[in-house]
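Hi,

Here is the structure I promised to pass on. Have a look at it first, then read my notes below.

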Amino acid sequence: MKGKSVPVDLWLWGLASALMTAAVSLIFFYAPTEREMGDIQRIFYFHVPLAWIAFLAFFIVALCSALYLWKRETKWDTIAHSSAEIGVLFTTLVLITGPLWARPVWGSWWEWEARLTSSLVLWMIYLAYLLVREYAGAEERGARFAAVVGIIGFLDVPIVYLSVNLWRTQHPPELVSDLGGAMLLTLMVSLAAFTVLFAVLLRQRTALRNLDRRVKKLKRQH
Amino acid sequence: MRRSIAMILAIVRKDLLSELRSKEIAVSILLFALLVIVVFSFAFDPETEALEIVAPGVLWIAFTFAGMLGLSRLFAAEKEKGGLEGLMLCPMERDLIYWGKLLGIFLFMMIVEAVITPIFLVLFDFPLWIPELGLISALATLGFAAVGTLFSAMAAHTKARDITLPVLFIPITVPVIIAAVKAAEAALGGEPFGEMASWLGIITAFDAIFLVVSGFVFEFVLEE
Amino acid sequence: MSANAGIAIETRGLTKTFGEREALGGIDLKVAEGECVVIFGPNGAGKTTLIRVLATLARPTSGTVRIAGLDLQREGPAIRRRIGVVSHQSFLYENLTVYENLSFYSTMYDVPRKEKRIAEILELVGLADRRDERVGTLSRGTQQRLAIARALLHDPTILLFDEPETGLDQRAGAFLGNFLKTLTSGKRTVLWTTHRLELGLELAARVIILHRGKTVFEAAGQSLTIAELHQTYARCTEEPR
């Protein structure tokens, strides 16, 4: 464990904690209560950043997948794999916070509206990314196949959004009309908090995976 | 270029020959598509209008499932005896294998769709001549074939090949399925072409992107 | 061997890892044109991996490989035109007949005067009378003969054989042995992995023993008796306790 990276992680954790605390305070105490939906609307400040960061995670998956296929260096695969896991986690949270919000507002747990449906499809694509590693049977092949899925999946994302949006233009439940100053600030802080959290999680997961690899290697040599 | 085309056609011909020798397969897939449509008809009460509304969906579910059956066979037999590696040993760029296989599955699925569509139109009491359906079929099937060929090759290299293909294929082709169903809905409803245009546009965009990208990443699936 | 003879196969520092497993750990190999080199080694030594890399079926992790002077990474198709590969897989299509298999591959290899060549090659392996039989119905030994025919169809200058004797019975094995004799006495380069120490020693100009992805022994074929070869093999491939 390089001595130099310890302070960096510490800083990041600190930053993440600080931002999260700030975000949560703003979300619950500063942001004004939405006129029509009431307090439940505050989920919005979790739901939206989670969705954006999931998208960022999948972008990183695609980028590192391409790098892996090009250079065949394991480190790119490690980052891609870790990013996909976190992306799937965040998307799962999007799919949970969505219904939690929808129920009091629309009266039903799920509506086949554009954003939720797209998130569902995205979730399935990246689950497939994780599963294909298992199906492939061998580590190197799993990494290679996953990389292909990572690239194809990411290229599919805009088309999924496009088609689902077109499919659902008939009924757009517009959840957020316009954001007032206070709401915008809360959203931005929340977004920043989740971004740093993502960075922390990615670093941790990647480091853990690398450690795991080294342990396996040592085990094999003895 | 001429050589490449000759080689692609050789692959298609070989596949066709091989599949026709096991005659049961081609007929079974046709029958399967028909069964899906029939089962859906039982699921909905034919007296209500529901059947007309779900009809385009039923058609494309049948084509999607039948397509997956066809795709699962695309590389499976090849992989068994090293036929795939035999192809890889041939003196050509690896993506020719992709194009050859793609053309094969595309033609196969088009034939299945060409046979099933009229039967479908009869069963659901639609007018029998709807040429737009042919265009929708061609474009959507091309999209299916583009990513399906890639995923089929992948699935052939995995232990759980029957499950790998659907898990990969269905989420990725959601845009094509949505667009094909909506376009078919417009076509069956006798709507003007403009109604279908945006849907066909989506499918075309999908086809363009994934034909290029899949062809490009295909060799990574083959070569260890 | 003339000093000006070209190098058919050359690898430098060839490694191949599958994730964390190292299958080939730095192979330096040089096979001159027309030379016959046989590679022995226990299962898992990396023999098949080596052949696969040379056949462009697997990509090297590092090191350079040149076949017929062509760089492996860049000139795949050109290399494949010059090599013929026989493995324990037959590379044949079971639903197709003997003739149809060869016809297909002739097209893929752009073999000139296809029909004549197919007839010729079927004569060579003794399968002329079985043209229209489906490959799936043939015995393993017969399939292997067809596999050899397939490999020779485009008249390659370099032959790669990976344990071709696997799964063959006595008779088929004997045929293979004789056939290999005719092949290796020609001008073709032959690189051959096998478990058959006697035959290998008899036919090869050079023998190499591979163990755990590395070359552990190399010598000229004539410098060893079969007993010495057995001893050396046992010694080199000893597993540490």
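Chain C has an open sheet of 6 strands in the order β6-β7-β8-β3-β9-β10, with mixed pairing. Strands here are DSSP E runs of at least two residues and helices are H or I runs of at least four, numbered from the N terminus; two strands pair if DSSP finds at least two bridges between them. This is a predicted model, where local features need pLDDT of at least 70 and side-chain atom pairs count only at pLDDT 80 or more, while totals for chains, interfaces and linings use all residues. Residues are numbered from 1 along each chain as its sequence is written, with chains lettered from A and ligands numbered from 1 in the order written.

Back to the sheet: β6 (83–86) and β10 (214–220) of chain C each have a single partner strand, so one side of each lacks a neighbour in the sheet. Inside it, β3 (36–40) and β8 (189–193) of chain C run parallel, joined by 4 bridges, and Val37(C) has Leu191(C) as its bridge partner in β8(C).

On to chains A and B. Their contact (C-beta atoms, placed from the backbone, within 7 Å) takes 25 residues from chain B and 27 from chain A. On the chain B side, α7(B) gives the largest share, 10 residues.

What does Ala180(B) touch, leaving out residues up to four places away in sequence? The answer is Trp60(B), Ile136(B), Ala140(B) and Ile203(B).

Cheers

Definitions and conventions
Contact = placed C-beta atoms within 7 Å.
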